[in-house]
Structure formats: C-alpha cells, structure tokens
Amino acid sequence: MENKSIIVVSFILLPLLFTIASAQTRLRPDFYRTTCPNVESIVRSAVQTKFQQTFVTAPGTLRLFFHDCFVRGCDASVMLTGNGNAEKDHADDISLAGDGFDTVIKAKAALDSNPQCRNKVSCADILALATRDVVALTGGPNYRVELGRRDGRISTKASVENQLPHPDFNLDQLNSMFARHGLTQTDMIALSGAHTLGFSHCGRFSNRIYNFSPRRKIDPTLNFAYALQLRQMCPRNVDPRIAINMDPTTPRTFDNVYYKNLQQGKGLFTSDQILFTDRRSRNTVKLFASNNGAFQNAFVAAITKLGRAGVLTGNQGEIRRDCTQPN
C-alpha cells in the first residue's frame, strides 16, 4: 500500500517537475547574444532613469513580475489591455502601480531605439530584467536572469481568480499556491521578503487593527505599539488611496529587516506574520533575519525558479511590438 502511494504522488509531481526542468533548458542568460547583445545594459539604463524619477519604480516593477508569473506564467499577459476584461482589471491587480508598467514600456522604447534590438526582445524578458535591476538598485543581489521567454496573447480578468496570495492566507494556503509553480516553502518565505519594499493600502489589513474578532479588536500576533501606529496612519474611513510602507524600518532598502520585523510582531499582513507564528516556517525566518546573505541567496534561487513558471518559448506566443497590445 505504501509503494502505491509513492507511485501516485510521483505521477502527480512528474508533469510539474518536467515543465520546470524543460523551462530551465530553454531559457538561458545569453539568449540575445547575437540578436541584441546589449539588452541588459540598455534595459538597466532605462530602469535607472525611471528609478531616479520615482522610488515606486522598484516595488511597482517587482510586484508586477510576481503578479504576471502567478497568472498564466511569466508571459507579460498582465500588461495587456482588454476593454476592462484583462488581468490588470481584476480586483487583485487593480492596485498594481502604474510606474511598474511604465518601467517596462520605457525599457521597451529604449530597446526599440536601437536598430539591432528593435522588436527582438519580449516584454516578458524585459520585465524579468527590470525586476532584477530594481532589486539591485535598492541594495539587493545583482543576479543573472535567464532569458528566452515569449509574450502571451491572452489576458482575461477571470484567469486571475484564486491565483494570487491574499493578505489573510495561512501557511498551508501559501504553500499550496506557491507549490503550483514548483516553489518550496523556503522559496515562498524568501519571495515574501520582497515585502521589504513597497506599500499597502489600509483596507488590505484594517481588520487586524479594528475588527480582528468579537473579543479582540487587534490581532494578538500584531505588535501592540505597531498596531496603534497603524491606527494613526489608517484611521477608520480613511481615504482608500492612502498607502503605508510594508516595512516600517527600512522601506527603501532590499534587505532582511522584513524578517527581523516578523520576529517583533511587525508583519503587516496576516500572511506575513504567519511565517513567524507558525512553527513550521519560524526557523527559516530566524535564519534569514540573522543572515542577510542566506536570505539573498535563497531569494535569487526562488525568483529564478519563479521566472520559469509557465513560460512560452520557441514558436509559442510572440514578441510584442507594443507591450500593451498583442500583435
């Protein structure tokens, strides 16, 4: 009976493992070596210019990459417009910062101004490169990016449903969702560290500071002093456009302080704080909190794996001439 169970599990996992391994062999850092050899420096320059104009470039681009890869794979489908029925029109994507989209569009324009590179580089690859660049610009690791993705032609609001993690997720829900993309619990915890940058609208966590339960207004896993600060920044009936930093300590630096905050009960979302309150993930949080190098290495490994999720390669998809429209 035990052997049968192992066989069944193997058949379930094999297709996923094959897909990930296949993507790994089809993507490579030097994919544009002959068609657009300066792709990385051109994109990096455009991203740096955009970053100098507004810091939101960093968290906006990073979040855009995650949301793209979690829905239909890393195919830049999140960038397509579709008369109110595209991925970015879904409630889970509506708060994606315009500066993230603009970063990719500006980098695409910079590539197209080079005759050798015009319409040679996919929007999906531009987004992957720009994501690496904003991580590096904010003090994070400068890692190699696998390239060779093609752009998807389909983007629907319905495809986003139940594909993105929510602020109230527990550890099992997080692990289950990340596992769909071949990501382990350690990968998930490392990628959650991206919350060291960026901001959240008050409505995403207001239940934790006002209406946690009939007996407790404030979530007991939330640092009480921090909860009172959050109440000051997010009073009841606050303007829904108001947003606050996800990392109250070093919100503009890509570092491991996010994990130190979790140890102090300063995870903004339930899905952040659960990483420390759940014993199954606590030791990994402790490791990353005490060792920035361990966090950065794990983040690079995880975001590289995420970048292989559901990719289109070879003759699949297309190289979009306009990142917001299929050809």
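I looked up the side chain of Thr 250 and found a polar contact with the side chain of Asp 247 at 3.1 Å. By polar contact I mean a pair of N or O atoms within 3.5 Å; within protein, one must be able to donate a hydrogen and the other to accept it, and residues adjacent in sequence count only if both atoms are side-chain atoms.

This is a predicted model, where local features need pLDDT of at least 70, side-chain atom pairs count only at pLDDT 80 or more, and totals for chains, interfaces and linings use all residues. Residues are numbered from 1 along each chain as its sequence is written, and side-chain values use heavy atoms, with hydrogens and water left out.

I then checked the record. An unreviewed UniProt entry lists Thr 196, Asp 247, Thr 250 and Asp 255 under "binding site". These residues span 60 residues in sequence, yet no two of their C-alpha atoms are more than 10.1 Å apart, so they gather at one spot. UniProt positions are in the numbering used here, feature names are shortened, and annotations may be inferred rather than shown by experiment.

Next I looked at Asp 247. I found Asp 247 in the loop between strand E2 (243-245) and helix H10 (257-263); helices (H or I, at least four residues) and strands (E, at least two) are DSSP runs, numbered from the N terminus. The side chain of Asp 247 also makes a polar contact with that of Thr 196, at 3.3 Å.

Last, I compared accessibility. Asp 247 is buried at 0% relative accessible area, while Thr 250 is partly exposed at 21%. Buried means under 20%, exposed over 50%, partly exposed in between (1.4 Å probe, protein chains only).
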